[in-house]
Amino acid sequence: MTDSDLGDFSEFGGDGEGDVEADRAGDARDADAGADTDTGTASESFERVAYEGGGGDGLGVLAVSEGLRIGEREDETRLRAYVTSANRSNVRLGRYLVAPYPDGESLFCKIVGLEYGRRFHGDDANEIHARRAMQSGDIDEDDYRFVADLEPVSVLYRDDGELKRRMPDRVPKPETVVREADDDAEIKTALKIPDAGVFVGHLAVGGEKVRTGATPPTIDYRVKDDYATGDPLAFRHTLVAGGTGSGKTHTAKNVLRQYLSEDRTYPVEAGSDREVQAAVVQFDPQDEYAQMHDDNPEADREDERRWEREGIAHGGHDDTVAFVPKVGNATYTAAHHGADQVPFTIPFSMARSRPWLAASAGLNDNQYPALQDLLRRFFDQYGDGGTYREFCAFLDDPALKEELDESGKVHEATYEAVFRRVRGVPDGVFDQDARPITDLVEQFVKPGRLSVVPTYHVSDSRATETVVLALASLLVDEKLSSDPRHPRIAETPLVVGMDEAHNFLADADTVQARHVVAKFTDAAKQGRKERLGLFLITQDPQDVAESVFKQINTKVVLNLGDEDAIKSVNIPASLAEKVPYMETGQMVVYSPDNSEPVELVGLPTCLTRHGRD
C-alpha cells in the first residue's frame, strides 16, 4: 500500500509538515495541563475546584432536586438537605436542625433519614471498582452526594420579643443553609419542653446528650408541675416501663426525689391559697425505696455541684419512713437503709366497705353479692372490732346457712363457695400484733413524707396482693369520697407509687378484679381534681388494665425486649423502634401534654442511695 492509496487529506486543513508540527505543539500544551494529575496523562487533565473548611455555620443546604414541600400529612412532606463533605461524619439520625426563613422565622427539623448517592452517573458495582476501593483506603467524598431527610417539628418565631412555636405551615426557600440546633432556648421552645418542673433526664440523640453553647451545655427535660400552665402532670399519672437491668428503679427514685423537694408545693384544695408539699406513698415489693432516706455514697462533690447548678433535688430524704406490714411469722430486716420502721396490720374491718379483701379467689356474679350480705350481717353484730377469725366462725354456722337458703337470699351451694374462699385467705394477713393502719393514717400520709411499704419479706404473693390493694384502696377511697373518714388523706396532695404494678392492676374476669380496676380507673380519671397522682412502675406494661392505662399522660420507657410490651406503651413508631436497643439509663418520653416525643439520658449517678453492697 502506498500513500496515494490513503487519499488526499488536504481538504481537512492540513498542508504538510507545518501542520504536523502545530499538532505536536498542541499535544505538548495538553500534556503540560495534565502534569498535576496523579498519572500525568492527558486523559486526567480536568481542573478540580478547591474547597476548604467545614461549611461555616451550616451543615449544608436544602435541596430541591426531588422537590421541596411541606404538607398537612407526613407522607406529603418532602424536605431534604444536602450535607457538605466536611460535615458528614458528624451527622446522626435524630439530630435537630434549623432552617431560617428570610423574615427571621425558622423551621426546626429532625433528621429522620440519611443517604449516600452517586454524584455522577456510573457503575460502582463491579470488580475493578471494588478492588481499587479496597486498595486505596480513602474515600473521595466529592464523588458522592450525602442527603438528610428532614421531618419538620415546628416553626419558631418571636412575638413581642418572646420566642414561640407553631406547627409547620410554610416551606423554606431552596438552598437555605441549615445548621445544627445549638441554642438551649431554641431547642426547648421548638420541642415544647418546659423551663421548670419535675426533672427526668437530659435530652439526647442516639444515647448521646444534646450539647449547646450554654452553661451547663446539656438540656434538662422537665415535666410541668404547676397550675399556671394547666394541671400538674403529677396528677395526670406517670408510667415508668423497663426490663430488668434497664435502670427503671434508678429512674423512678430520681423522679420521686423531685416530688419530695421542699420547694415543690401544691394547693390543699382547688382555688386555695394554702399550699403544702405532696405526700408520696410507695409500694415496694423489692425493698429498694426506703434507701431514699440515705445519701448516695457513690455521689461525689462534683456530682452535687452539677445537680445544684441545674436545680435538681438530691441527697437522702430525711422524712422517709418504712411502714412494715405484719403478716404471719414474716420478719423484716433493714440493714440496707436508715429509715425509721413502723409495723402495722390490716384490720379486718377494712373489708366492711371492701368485700373483695375477704375472699382468696375469684367470685362470680352470684357469690360476690352473697359475700357482701354476709359481711354486712357480721359487722352489724360484731361492730368494727370484728376480726377475720370471728368472721370465719360466724360463717361456720349451719343454722345461718339454712336460714339464708330457705329464705332464698343465698343458695346453699353459693354459701359454701363463699365460705371456702373466705377460709382460703392467706394466713396472718389480718389483725396481727401491730397497730392497725387505720390508726396510723396521720403518720402514713403526711405532707413532705415518703412512706414506703416494703413487702419483700412476705413470701406469699396473695398476701402481698391483699396488703397492697388494701392500703391503695384506702388512699383512693378517701381521696374520692365526698365524706372522708380520714381528712388528712383528702386534704393532702398525694402521689401513689406502685412498683410491679402489673401484679396488682391487671385485667381479670373475677368480680374482685373488676371492682379493684374500676376503683383505680376512677382514681385516674379524677386525679387532677383531687390532687391524686398514680406513679406506676412495671416491666410488663401490657398486663396493666387498659382502662387504667388510658388515663396515663406521661410514659417513660426504658429498654424493653418484649414486642408485646413495646406495642402496649403506644408510643410513636420512631421511638418504639429504638426501645429494644437502648442501654441502661436511656429512655424515651412520650408526654403529649408536656412536649414533643423525645429521647433522654438519665443521670448516671442516683440522687439517693441505690443498690445493696
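Predicted model: local features only at pLDDT ≥ 70, side-chain atom pairs only at ≥ 80, totals over all residues.

Biologist: Which residue forms a salt bridge with Arg354?
Modeller: Arg354 lies in the loop between strand 16 and helix 6, and its partner is in helix 11 (residues 461-480), 123 residues apart. The closest N and O atoms of the two are 3.0 Å apart, which is within the 4 Å that a salt bridge requires. The partner of Arg354 is Asp477.

Biologist: How many residues apart in sequence are the parts that Glu596 and Arg165 tie together?
Modeller: Glu596 and Arg165 form a salt bridge whose closest N and O atoms are 2.7 Å apart, and each of them is partly exposed, Glu596 with a relative accessible area of 25% and Arg165 with 25%. Glu596 lies in the loop between strand 21 (586-590) and strand 22 (598-601), whereas Arg165 belongs to strand 6 (residues 162-166), so the parts tied together are separated in sequence by 431 residues.

Biologist: What separates Arg305 and Glu302 in helix 5?
Modeller: The side chains of Arg305 and Glu302 meet in a salt bridge, at 2.9 Å from N to O. Because these residues are 3 residues apart in helix 5, the separation is about one helical turn.

Biologist: Are the rings of Phe378 and Tyr382 stacked or edge-to-face?
Modeller: Phe378 is buried at 0% relative accessibility, while Tyr382 is partly exposed with a relative accessible area of 35%. Their ring centres are 4.6 Å apart and their planes meet at 25°. Planes under 30 degrees apart count as stacked, and therefore the pair of Phe378 and Tyr382 is stacked.

Biologist: Which term describes the pair formed by the rings of Phe348 and Phe391?
Modeller: Phe348 and Phe391 are both buried, and their ring centres are 5.4 Å apart.

Biologist: Where is Asp318, a member of the negative surface patch?
Modeller: Asp318 forms that patch together with Glu262, Asp263 and Asp295, and Asp318 is exposed, with a relative accessible area of 66%. Its place in the chain is the loop between helix 5 (301-309) and strand 15 (320-325).

Methods
Residues numbered from 1 in each chain as written. Heavy atoms only, no water. Patch = residues over 30% accessible without salt bridge, like charges linked within 9 Å, V, L, I, M, F, W, Y side chains within 5 Å. Areas by Shrake-Rupley, 256 points an atom, 1.4 Å probe, with all protein chains shown as cover. Lys, Arg positive; Asp, Glu negative; His and termini not counted. Charge placed at Lys NZ, Arg CZ, Asp CG, Glu CD. Helix = DSSP H or I, 4+ residues; strand = E, 2+ residues; numbered from the N terminus. Buried < 20%, exposed > 50% of the residue type's maximum accessible area, 1.4 Å probe, protein only. Phe/Tyr/Trp six-rings, centres within 6.5 Å; stacked < 30°, edge-to-face > 60°.
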